[in-house]
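User: I would like to learn how to read a few features of a protein model. Please take them one at a time.

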Amino acid sequence: MRSFRILKNYGINILRRLELNDVQVEFVEDYFRDNMLPFVQPVLLVEDRVRPFLNNSALYLAIHMQLLNVPNSPDQYAIVKIPSDHLPRFIEIPSASGMIDLIFIDDIVRHSISWLFPGYKIIDTYSIKLTRDAELYIDDEHSGDLAAKIKQSLNKRNVGPAARLVYDEKMPVKFRNYLKGVFELETIDMFPEGRYHNKSDFFKFPDFGIKEIMSPKLFPVRYKRLDDDDNFWEEIKNRDDILYYPYNSYDPVIKMFELAAKDPDVTHIKLIQYRVAKDSKIMEHLIAAAESGTQVTVFIEIKARFDEEANLRWGEKLSRSGIKVHYSIPGIKVHSKLALIRRIENDKPKFYSYLSTGNFHEDTAKFYTDFGLFTVDERYTKDVMKVFNYIETGMKPSNPFEHLLVGQFNLRQGFEDLIRFEIEQAQKGKPAKIFLKMNSLQDKSMIDLLYYASQQGVKIRMIIRGICSLVPGIPGVSDNIEGISIVDRYLEHARVFIFHNRGDEKIYLSSADWMERNLSHRVETAFPIFDKDIKVEIHRLMLIQWEDNMKARSLKYKHVNEYIKNDGDFPNRSQEESYYFIKRKEDLFTSQED
């Protein structure tokens, strides 16, 4: 692996079992006997008779064996657990070279396999990982207590049917087919990978105090306009404020709820909770607000995948504190990221809205890139109120949304209209451009419309981090579409949609990807940017990402997502450049204030 070679340059060796010297072999064998033996759980496979239960997403070795001293012995297969759930994935071993020598716990198990199966000759071992179907399959279309249904189903999640087997790509076809039969999988459920799985364990890789192997720390930039508690609400009234996390500190969001909880002029707080931190200051501030007499309403999406249990737990805690809690809408998910605060000023109500592309989650705000907008602009607040009225009462607004694009109402149609306007401009020979950023692009009708736009001359740029079912650069189909994907230290999570609009750009930020589930089966929100300075800022940040030549991969026809080559240009790692762009903006504000 390339990363192993890089680590070696810093004096860190990751060794395989056949590379160990005698002292290291003795250490590894002692470590296995003293620490691992109780956890490895060896099982001899007998197809159609012995079907071991593999834990969801746990690591195992699949072993190819033959009986010792038996000519023409038939192949035998076995499974052994790699106890990475009990022990560190990376084990430091003695070194005589002056380097730091490490070994995967996987390879310690490999080294010791023969002890577990006496009388067998070990032919080879291959790492595997089984993923189980984690869908809860909740019937939420009809009557019944949805929360109770989810509670009952959560207990079954980790024992769901096998859905996918990841295996070492060097595993022989015969062995793969055997495992496919044992676990009752289809060919489409089999996924080849490398020698090691669960690469997320590298998040816990020890740094040994070597600063050079760590990415430079980028301390979140304070947004000084919202620093002053006494002037917090006035600042939001003076102008719209946009923050870009994690480059900006998330503190103003937490502060907004803290101040609202203590402010006697605040009468109501409303919020949509999709995913929330385990220890959430925001939720605690809402509880404090309710206990001081403020009317607090929280909509909790208890169908948020893998967060159902946490959301139920928070819902019960909020309810006990006097907060009005609303749970999921039958048949759809609520994925909007909105908050609304009602405050009495000069004997009249004033509404403060917060609209975001990310959840109210203090932990993910540290490594998900998301925009958050603070505003009192009635063009936002009136539509935000309509969203809350709908999800709380189930009654559709009597008047249409004027500015927000909202799932179940005008979201899909709104985006289609924006694309069609660019098509009309291109057909007239005028400039027509679209710049898109999403997690995923999969909706067939949107893809077909983008293909048509390309064929009519609309220039389209896309930054798609995950699934992209549109293929750029197909001759005669998508010649005018270019695409990249950026994967770096932070997870690119913000959704941004920019339309040229005859030179008067329309920019929308959103919680929604262009997938059928987002556009048709969720309450999502896309909100326009009205402030000209914020428009310029967002467009500049998008260009910084588009010009990434260090962590960006090109999405091209007949190419396999190759890294974009620098070709002698100035190196641009867009996430670091975005951080310094935000920092320079704040430094400029500070100097002007001084």
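User: Which residue forms a salt bridge with K386, and how far apart are the closest N and O atoms?

Analyst: First, how to read the model: it is predicted, so local features need pLDDT of at least 70 and side-chain atom pairs count only at pLDDT 80 or more, while totals for chains, interfaces and linings use all residues. Residues are numbered from 1 along each chain as its sequence is written, and side-chain values use heavy atoms, with hydrogens and water left out. A salt bridge is a side-chain nitrogen of Lys or Arg within 4 Å of a carboxyl oxygen of Asp or Glu. Here K386 pairs with D383, with the closest N and O atoms 3.8 Å apart.

User: Where do K386 and D383 lie in helix 10?

Analyst: Helices are DSSP runs (H or I, at least four residues) and strands likewise (E, at least two), numbered from the N terminus. K386 and D383 are three residues apart in helix 10 (residues 378-393), so about one helical turn separates them.

User: Are K386 and D383 buried or exposed?

Analyst: Buried means under 20% relative accessible area, exposed over 50%, and partly exposed in between (1.4 Å probe, protein chains only). Both K386 and D383 are buried.

User: Which salt bridge joins D30, and how accessible is D30?

Analyst: D30 and R33 meet through their side chains at 2.6 Å, N to O. D30 is partly exposed, at 29% relative accessible area, and R33 is partly exposed at 40%. D30 and R33 are three residues apart in helix 2 (residues 22-36), so they too are separated by about one helical turn.

User: Which residues are linked with R343 and E345 in a network of salt bridges?

Analyst: The network links E234, K237, D263, R343 and E345. Within it, E345 and R343 form a salt bridge with the closest N and O atoms 2.8 Å apart. E345 is buried, with a relative accessible area of 13%, and R343 is buried at 13% as well. The count for the model comes to 31 salt bridges.

User: What does S574 touch?

Analyst: Contact means heavy atoms within 4.5 Å. Not counting residues up to four places away in sequence, S574 touches I486, I544, Q545 and D548. S574 lies in helix 15 (residues 574-593) and is buried, with a relative accessible area of 0%.

User: How far apart are L286 and S574 in sequence and in space?

Analyst: L286 and S574 are 288 residues apart in sequence and 36 Å apart in space, C-alpha to C-alpha.
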